[in-house]
Each structure stands twice: as structure tokens, then as C-alpha cells.
Amino acid sequence: MSLLWKSWLKKGDGTKVEWHDIKDDFVLRNAHVPECTVSGAVVDLKVDGDGLAFVDIVIRDRKIVAIVPAAAGGRRLEHPSESVAADDLLVLDLDGGMCWPTFCDVHTHIDKGHTCERSRNMSGSLAGADDSCAKDEGLWNKDDVYRRMDFSLQTAYAHGTSAIRTHIMSGPVQGPIAWPVFDELREAWKGRMELQGVSLSILAFFRDEVAAAELADQVKAHGGVLGAAVSCTDRGGTADDIWTTCGEEMPALLDVIFRLANERELDLDFHVDENGNECSKGLLHIAKAAIRSNYKGKLVCGHCCSLAAQPPDELQRIFAACRTAGVTVVSLPIVNQWLQNRDTRGLCTPKKRGVTMLKELDEAGVPTCLASDNTRDQFYGYGDLDMLEIFRESCRIAHLDRPIGQWPLAVTARPAQIMRLSEHHGRIAVGGKADLVAFRGRVYSELLSRPQHDRLVIRDGRPCSVDVPDYRVLDDHGTVNGKKTSGGSSVGGVKKRGRDDA
């Protein structure tokens, strides 16, 4: 992937571009950009029916200094600001290809990524995932977790992601291993990847308020986000779910979580309603608890699949509570399609699979994001932390096209905002760093039809030269068929690193 863009990217005079040609100051000419991601253009940009604008992007000293209508036919850029004049700059002609800001992936689980072969979910169900994930716990150690998490970060970085929030298993065995590793990796990746961590515990855990306070203190010490799984099993919302629904205790347990968060000024990020049960109303209970507690932090609720089972009047009640509480909903369409309504015998085709009410939430004024969720673990046996894949499949699954319009914000600026990143993060912004992803595909029917493995990732005004790592570097951590294998520890650069050579 890393240098495949050389096969199509040309200079303004039609000659080939070499990696070392692109330095600090240049123009990306003839680019189609999602206009919703653009900030600071001083002239009106014409937008087509899919929300795309045809522009030139001027970059000086690694920052975007102008976004102007494309100079058709190679004319000199015309703009009131003399600093924008680009005759002295290297011109890279995208030939109509799309250019996006780098991606923000706000819901992942990189601590348990790449364990699907050594601890297999044989049924492919949510219950099977919980069981096989618990069994994998015994294989965790610091080196194992570090290498798998770093592998995931390398992969996401190569695909063009600049920020990741990962949920972290925070029980008595995995938590003491994963959180220190998270700290090390956050430092190692500083300047390349914004990395955030969320504690992951079941709602029932908060019955022990002493242990809950200790966890909240640890999360605060690690600069993390407090989280919990609420009404988040196949039986969520029913009396059978004693771990994440907890019957009539749910409001009181949620009050404990919000009190802990308020006292420590922690943001909150919940797993909620990961099922298709009408009786699963964790999202409504969370919103009500936020309102009761006068919570002012950032509040995220992931999955929310049971919204699809609610009658219209109940939907409006839930939407109103979410607006008042300031909830942002994160949808994980690919993983929920894989897990839900699965016949554990493997005999029947699924009829009902989960995706939340994305269009209705958006229309109701509740911010929505899209994210990867699990990758090659017990909850999803595939995935590569490629946010273009997430966007592509979400458009197909949830019919986010016709037109696509504002939906690129769901994988760029919206998650950046909920993660409290800089104002320019996730945007093509005048004054912001040149963190961009350029694609060969010119329109959505091209962009979303092929994987775009020949994309050009630009970070801080420089082209990235890294590629996705080879899975074989993980072989000596027992990730192939549950067997220990040897070798691979130095292949692909899986090691602690500072800034890369870009």
C-alpha cells in the first residue's frame, strides 16, 4: 500500500512523482473533497449532488494555507492572498481523485485484537464471543498485548487513521496488564496517533462501590474514559441478564457511574443495547441518569441496536432524552451484522441483524459516528482497522447514500470532537496540519467500489512510507490455530518506535 500511489500520482507537468519530491510545500490540484469536511475556505465552493467540491489545496510549511476552486486546465491559482500563489510550489495532480481528512476511529478493542485464531468463537454468536474471550484471558501477558496493540496501530496508521479510542478489558487479570501497555503505546505513538483508552466493565461490577471507585481512580490516573456495558447481551433488557441489565438496580448502578465520573471529571463511553430486543432500553436509562446527575462531560453510547425494535412513539421519547443529555451514538454496523441473529448450529440464514437508527438519530439532532469495533478477535473474526472499509460498508448496510452528503463527518470530524481533539482534527482546514488521505477514486461510485489500496496518506505535510504489517510477525504469540509458532519477532518493524521516517 505505502508507495502504490506512485503508479497514478503525477506532477502538474505529467511526470512521475517520487516519494522524496513531496516536502512541506506543495499543491494538491484537481481534488474532489467532501465539502462538509472543509473549514476556512474564503471563497464559496460549488458542491455537486453528493456533497463533493472540486478544489486545489495549497500546503506550505506542512499546513494547509488555502482551499480554492480547482484551477481548471492548470491555470495559475487566483486568490486575494498573495501567500496562496502556487507558481513556486510542486504541483501534485490528483486528476479528480478524492481527498479526505485523516480518519478518527472512536470505538475499537485493540487490546484483544488478533486473537481470533488462538481462542476461537466456534459459534460466531455474542455469547460464544464472551465465552471464548474469557478463555483467552489466560494467554495475556505484557509482551503479547503490546505487540498485538502496536500491530493494530501500525495497521490503522497505514490506512490513514490519526486517532483511535480503544476500550480496554479492565478486570483483575487483564486490566493490570493492558492499561500500562496502553500508556507505553500512547507515548510511543505521540505525534502520529492520538490514542485514548476506555475502561470496559459490566454494569454489575458497580455494585461494589469501593472497587468501582478504585477503577475510576485508575482510569483518571491513566488519562482515560470511564465505561460500562449496559443491557448488552443477547438477553439484554430481560430478567435473565443479571450482568448488564441488572433488573430494577439499573438506575441506581448508573447513578454510581455518573457520580464517579462527575467527581473525577471523566468522560463516559458505554456499550449499550447490543441486541434486537424491544425491552432493551439501556440508552434511555443512560440518558435519564445523565440528566439526573447534571452530567457535563462527553457522553458516548455505542451499538444501540435495539432502537431498531422500538415503536415510533418510544423512539421519539428516547431521541428527546438523548438530545437533552448530550449523547453521541456510535454505530458499529459490520460487527453487529456478523454477530447478531446468528444460528449457533450454523444451519439458518439470519433474518434480523443489528444496526441502529442512524438516519433517524441524525434527523432528531443526536450526533452519530461510525467505527471499527472489533478486529480479528472473538467478536468479529475479520477486519483491518480501515475506516474507508467501515464507511463503505456502513453506506451499504444503512443506506447512507442518495445522497451521502454529511456522512463523511461520522468518521472524521464528529469523532474528533467527541474525543476532544484539536479544532482542525478530522477536517481539511485552513490553518490545520496537512493530515490527508488522497484516493484514486473520483466519485463515490468509484471510491466505494474498490479497496483503494493505492491511497496516498499524508501526515504533517509528508507522505507516509509505511505499509500494513505482515500477520506473520505475530506468529510466535500463538495467533495461528491456537498453536505456538516461532519467528517473526523482527519482521515488519513491530517494535517500540518514536516518530516514523515521514
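Predicted model: local features only at pLDDT ≥ 70, side-chain atom pairs only at ≥ 80, totals over all residues.

Visitor: Which residues touch the most other members of the largest nonpolar core?

Guide: They are Phe270, Leu299 and Phe391, in a core of 105 residues. Such a core is a set of buried Ala, Val, Leu, Ile, Met, Phe, Trp, Tyr and Cys residues joined through side-chain atoms within 4.5 Å; buried means under 20% relative accessible area with a 1.4 Å probe, protein chains only.

Visitor: Which element gives the largest share of this core?

Guide: H5 does, with eight residues. Helices are DSSP runs of H or I with at least four residues, and strands are runs of E with at least two, numbered from the N terminus.

Visitor: At what angle do the axes of H4 and H5 cross?

Guide: Helix H4 (residues 209-221) and helix H5 (residues 250-264) cross at roughly 40 degrees, their axes coming within 10 Å. Axes are lines fitted to C-alpha atoms, for helices over the stretch in contact, with angles from 0 to 180 degrees between N-to-C directions.

Visitor: Where is the cis peptide bond?

Guide: It joins Arg402 and Pro403, with omega about -5 degrees. Pro403 lies in the loop between helix H10 (387-398) and helix H11 (413-418).

Visitor: Is Cys304 buried or exposed?

Guide: Cys304 counts as buried, at 0% relative accessibility. Although Cys304 is not a glycine, its phi is positive, about 55 degrees.

Technical notes
Residues numbered from 1 in each chain as written. Heavy atoms only, no water. Buried < 20%, exposed > 50% of the residue type's maximum accessible area, 1.4 Å probe, protein only.
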